[in-house]
Amino acid sequence: MFDFLAKKFSSIFSSLSDKKQLDEKAINEVLKQVNEALLSADVPYDLVQVFTASIKDEMIGQKRASSLKPSEQLMKVVYDKMVAFLGEDGTTHFTPHIPSITMVMGLQGSGKTTTIGKLAYFLQKEAKKRGKERRILVASVDYYRPAAIEQLELVAQKAGIDFYRATNSEPISAAAEIRDFAKINRYELLLLDTAGRLHIDNQMLNELHAIDTNLQPKHKILVLDAMTGQESLAVAQAFEQAVGFQGAILAKSDSDTRGGAAFSFRYSLKKPIFFIGTGEKVEDLAQFHAKRAASRMLGMGDMETLAERAEEKIKASEQQTISNSWEKGQLTLDDFAQQMDMLNRLGSLSSIMKYIPGMGNQLPPEALEQGQSEMKRFRAIISSMTPKERVYPRILNDSRKLRVAKGAGVAVVEVNKLLTRFVNMQQYAKLIRKSGGLQNFFK
Ligand code: GDP
Ligand code: MG
């Protein structure tokens, strides 16, 4: 979702990087490009006009901040405006009341059922971080889509969340039955899946309205499919008029879509995007942060999310071991292997690079793929070394190299490649130690 705009903006900004000054003519030229980028990302025309006009006002009215180059100055203005469009941080998080019912709505196929599993999983994970266990129940009143209820049951199983099937199959009475079941069994959170249609349809909206009146759920969330672009605004407006909702979850943000929906939803509906769906698995849900989203759309990466991901997947003790060995300037091949393992746990190289400023759009996919398979080979090579070889790779003579290569199922040149790479890394480590540790190195 972010890549399309990130590519466009990166090239706009880099075309300015050697300009000493931005006069009105140059600003207009840039804004024309911004205009085109947003329109091609499927942002509605009038919104694009509002957006570019606000940037122009700011740029022309602004005194040149002496420390910033024109390209940086423009980048900052565009970034600030984009954050304003996407919503300030801190006000957009979904924290359900305890106890409460959350009704989840959306068109058929938008991602409701999958999202409910993810949301339940997320809420439980957050509770556990605070040492609590939440009683969460999921249930469905989708009697239209074949096997929709079984699908929810399966998703709940994967998320480790309780599921209830109503005996009633008329949506409004089923919803009441589910509410009673949750109450009697003292569930703290009930997430209710509802039926959607392929298009906005009055019968669907009437049914949702009736369930809403009957159950009075404390929270209502709309799931939007990021792939539908501009059209999702009409969907959101129809749901808002008929039923109303507090905020949206943008599913399928990992898909090859252009980001128009995210950009325009908040501004047009004046409601927050709580989460974005980032894949099909239960853990693939991320809280939406306006600043991080703006940063990624402008090709500036998102180190905060990457750091959080690292924190979740990599134990602090492991991080410490690695940074100790770096700081001592003594890296072994075991450290090297451990680092590759940690990186792997964060995701594929191509998915990680998107978060690193300036990297996401520059490395061709083939290079990333190559890096990924090289890492796998290196890992196999290190595994087939003896512990002593890993600490003193110097002892690797030709016959040892041959043995290691055979064990890993690679050619000897690959072993040599790894060793060269390793020597380079050791030199870095020494450099880091000389400059007084990692902290200083990255300053
Ligand atoms: P519903 O009809 O609204 O309940 O939609 P579903 O939950 O059945 O989702 C429709 C399809 O979209 C399924 O194949 C899901 O696996 C897929 N899907 C849902 N959310 C995401 C997401 O965030 N990323 C990706 N890649 N696929 C998703
Ligand atoms: Mg469904």
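## A partly exposed arginine and its network

At 25% relative accessibility, Arg377 counts as partly exposed, a label for values between buried (under 20% relative accessible area) and exposed (over 50%), using a 1.4 Å probe and protein chains only. Its side chain meets that of Glu414 in a salt bridge, with 3.0 Å from N to O. The term salt bridge stands for a side-chain nitrogen of Lys or Arg within 4 Å of a carboxyl oxygen of Asp or Glu.

This pair links distant parts of the chain, 37 residues apart: Arg377 sits in helix H16 (residues 365-383) and Glu414 in helix H19 (residues 412-434). Helices here are DSSP runs of H or I with at least four residues, and strands are runs of E with at least two, numbered from the N terminus. Glu414 is buried because its relative accessible area is 15%. Salt bridges with shared partners join Glu374, Arg377, Glu414, Lys417 and Arg421 into one network.

## About the model

You are looking at a predicted model, where local features need pLDDT of at least 70 and side-chain atom pairs count only at pLDDT 80 or more, while totals for chains, interfaces and linings use all residues. Residues are numbered from 1 along each chain as its sequence is written, chains are lettered from A and ligands numbered from 1 in the order written, and side-chain values use heavy atoms, leaving out hydrogens and water.

## Other salt bridges

How many salt bridges does a search of the whole structure find? The search finds 20. In one of them, Glu126 pairs with Lys129, with the closest N and O atoms 3.0 Å apart. Both lie in helix H5 (residues 112-129), 3 residues apart, or about one turn of the helix. Glu126 is partly exposed at 22%, whereas Lys129 is exposed at 54%.

Arg165 forms a salt bridge with Glu153, with 3.1 Å between the closest N and O atoms. Arg165 lies in the loop between strand E3 (162-164) and H7, and Glu153 in helix H6 (residues 148-159), so the pair ties together parts that are 12 residues apart in sequence.

## A buried alanine

Now let's visit helix H7 (residues 171-184), where Ala175 is found. Is Ala175 buried or exposed? Ala175 counts as buried because its relative accessibility is 1%. Leaving aside residues up to four places away in sequence, Ala175 touches Val141, Leu192, Ile211 and Leu215, where contact means heavy atoms within 4.5 Å.
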